[in-house]
Amino acid sequence: MKKQVILAFLFVVAGVSAGHAQSCEGNFKVTGVPLITAMTYKTSYDFPKVKADQVLKALAQAVAAEGFLGIQVNKSLGAIDAYQETTGSGREQTLRIVARKKGTGTRVDAMFNIQQGQVTSEKVVRKGLCDIVMSATD
C-alpha cells in the first residue's frame, strides 16, 4: 500500500511539473536584485507544428501593441529587438524576442531587461511577456 501511495504521489508531482513547465507563466524567471542590479525577466513557450519564420510578424505586432519603440526585426536570426523609456530619465528598458526551430515546431523566448536602479511590477512584466509570446499563433 505504501508503495502505491508513493508511486501515485510521484506521478501527480511529475504531471503537475510537466504541465506547469510548459506554460508561459510557468517558464517565467527573474534574475537580479531590485534597485541594486539590473533585472532580467525571461520566459519561453514551445509551439508544436508552428514554423519560426511565420510567427515574426505576429510577434512584432504584439511588441508594438505593448508600447515598445525602435522595433527591429531580423528575419535571418528570427529575432525582434525593441526598447521603451518610461521613466523620463532616458534610460531604456530592452526587449528581445527570438523564434527558433525546435523539432517540428518553434520555441519563442522573450527577455526583458531593466537597468540598475529601475523597478517594475513582476506581475505586469509576466503578463506583458506572455501576451507577446502567446501572440505567435494569432
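In strand β6, Ile114 is the bridge partner of Met39. That pair belongs to a predicted model, where local features need pLDDT of at least 70 and side-chain atom pairs count only at pLDDT 80 or more, while totals for chains, interfaces and linings use all residues. Residues are numbered from 1 along each chain as its sequence is written, and side-chain values use heavy atoms, with hydrogens and water left out.

Zooming out, the protein chain carries three helices and six strands, where helices (H or I, at least four residues) and strands (E, at least two) are DSSP runs numbered from the N terminus. Along the sequence, the pattern reads α-β-β-α-β-β-β-β-α. Of the 138 residues, 34% count as buried, with buried taken as under 20% relative accessible area, exposed as over 50% and partly exposed as in between (1.4 Å probe, protein chains only).

Now for the sheet. Six strands make up an open sheet in the order β1-β2-β6-β5-β4-β3, with antiparallel pairing; two strands pair if DSSP finds at least two bridges between them. At the edges sit β1 (29-31) and β3 (69-74), each pairing on one side only. Neighbouring strands are turned by 15° against each other on average, direction ignored, the axes being lines fitted to C-alpha atoms (for helices, over the stretch in contact) and angles running from 0 to 180 degrees between N-to-C directions. As a reminder, strands of a sheet pair through backbone hydrogen bonds, either parallel or antiparallel.

Going pair by pair, strand β2 (residues 39-47) meets β6 in the antiparallel sense over nine bridges. Ala82 stands opposite Leu95 in β5.

Two polar side chains in the sheet deserve a look. Gln93 lies in strand β5 and counts as buried because its relative accessibility is 4%. A polar atom of the Gln93 side chain lies 3.4 Å from the backbone oxygen of Arg91. A polar contact is a pair of N or O atoms within 3.5 Å; within protein, one must be able to donate a hydrogen and the other to accept it, and residues adjacent in sequence count only if both atoms are side-chain atoms. Over in β6 there is Thr106, also buried, at a relative accessible area of 1%. Its side chain reaches the backbone oxygen of Val50 at 2.4 Å.

Finally, the largest pocket holds about 290 Å³ of space. On a 1 Å grid over the protein atoms alone, a pocket is an open set of points with protein on both sides within 12 Å along at least five of seven lines, and lining residues have an atom within 4 Å of a point. The lining comprises 17 residues, with Gln84, Phe112, Thr120, Val124 and Val125 nearest the centre. The elements giving two or more residues to this lining are β5 (93-102), β6 (105-114) and α3 (122-134), and α3 supplies the largest share, five residues. By type, the lining splits into nine nonpolar, seven polar and one charged, counting Ala, Val, Leu, Ile, Met, Phe, Trp, Tyr, Cys and Pro as nonpolar, Asp, Glu, Lys and Arg as charged, and the others, Gly among them, as polar.

Key:
On a 1 Å grid over the protein atoms alone, a cavity is a set of points where a 1.4 Å probe fits but cannot get out, and a pocket is an open set with protein on both sides within 12 Å along at least five of seven lines; lining residues have an atom within 4 Å of a point. Grid points are joined across faces, edges and corners, and a volume is the space filled by probe spheres set on the points.
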